[in-house]
Amino acid sequence: MGKKKGGKSERSMNRGKDARHKMKGKSLETFTEDMHNALQASEEGAAAEGATVVKLPCPLAMWDLGHCDPKRCTGRKLMRKGLVRGLRLNQRFNGLILSPMGTRYVTPADKEIVAQSGVAVIDCSWARLEDTPFSKMVGSHPRLLPYLVAANPVNYGKPCRLSCVEAYAATFCIVGFRDLAVILLRKFKWGNVFLELNHTLLERYAASQSEEELLAVEKEYLTSAPQEEELDPFDVDSGRECMNLNRPVRNYDDDDGEAETSEEEEEEEEEEEEEKEGEAKAAVSEKDSDEEAS
């Protein structure tokens, strides 16, 4: 009888495992469907020029150490738009954590972790890594990102100096959820440039079957990429004309003496308008409440 009982228990365990695998597969299908719906909602919101809050199918989080300029911080902008939640020091996060302290790289094998538990970033200054309490940012899946080039205005063209939104986007592209990367990057005028600059690398990273293969792709790219000559834009004796590729070419023949508004200033103006709209809506709501009470 003991033998029979043991066989029954083993069959029950196997059935339980099968059920869990089916649930995981169904969950991933549901995630993909939710991702496509979120992208569609984002596109419709952009077309309507409204402040539509898109619900992402996985959580995004951030430890904010206050090192960066709040007006330039892409992570804080995503928090203001309701796409990212803040984490306290010593607060645990169960998804992928993008951290310089990671020992493994983000790979397509992390897809299920991202789908189930999301992604977190650490918003700190590259110049203050030694002052950053990484041990207080707790989680089971710390990860590094492979070689990519930044497109944000602060570190444009610099390798590995990604902003928070670029780090999220890179992770989503590598694990196969590119639509989520598009949703986040659309919040920034320069966002699509990140995908253009890193198009080949992101596609090859996403096609990697293992961490070893991903690192081989990175190594091949770094060894085969031509080394660009370093130019000093302030060297007036070099005989070369330099320009900022992040800015449109200006016609000085038609210069009327007025400086063009920078991208950062435009974004600040947009954020101020959003805040004013939010205050106006709150005031209207409060007024309606007072009228109903009276």
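**Close-up 1. Cysteines without a disulfide.** This predicted model holds zero disulfides. Take C164: its closest cysteine sulfur belongs to C73, and at 4.9 Å that is too far for a bond. A disulfide would need the two sulfur atoms within 2.5 Å. C164 is also tucked away, since its relative accessible area of 7% makes it buried. C160, by contrast, counts as partly exposed, with 37% relative accessibility.

**Close-up 2. Y147 meets Y221.** The structure holds three aromatic pairs, and this view picks out one of them, formed by Y147 and Y221. The ring centres of Y147 and Y221 are 5.8 Å apart and the planes make 40 degrees, so the pair is called tilted. What parts of the chain does this pair link? Y147 comes from the loop between β6 (139–144) and α4 (164–175), while Y221 belongs to helix α8 (residues 211–224). These are distant parts of the chain, with the two tyrosines 74 residues apart. Are they buried or exposed? Y147 is buried, at 18% relative accessible area, whereas Y221 comes out as partly exposed, at 31%.

**Close-up 3. The six-stranded sheet.** Step across this open sheet and you pass its six strands in the order β2-β1-β5-β3-β6-β4, with parallel pairing. Which strands stand at the edges? They are β2 (85–87) and β4 (104–105), and each has a single partner strand, so one side of each is left without a neighbour in the sheet.

Close-up 4. Zoom in on β4 and you find it paired with β6 in the parallel sense, over two bridges. At this spot R104 stands opposite R143, a residue of β6.

Key:
Residues numbered from 1 in each chain as written. Predicted model: local features only at pLDDT ≥ 70, side-chain atom pairs only at ≥ 80, totals over all residues. Heavy atoms only, no water. Phe/Tyr/Trp six-rings, centres within 6.5 Å; stacked < 30°, edge-to-face > 60°. Helix = DSSP H or I, 4+ residues; strand = E, 2+ residues; numbered from the N terminus. Buried < 20%, exposed > 50% of the residue type's maximum accessible area, 1.4 Å probe, protein only. Pairing = 2+ DSSP bridges.
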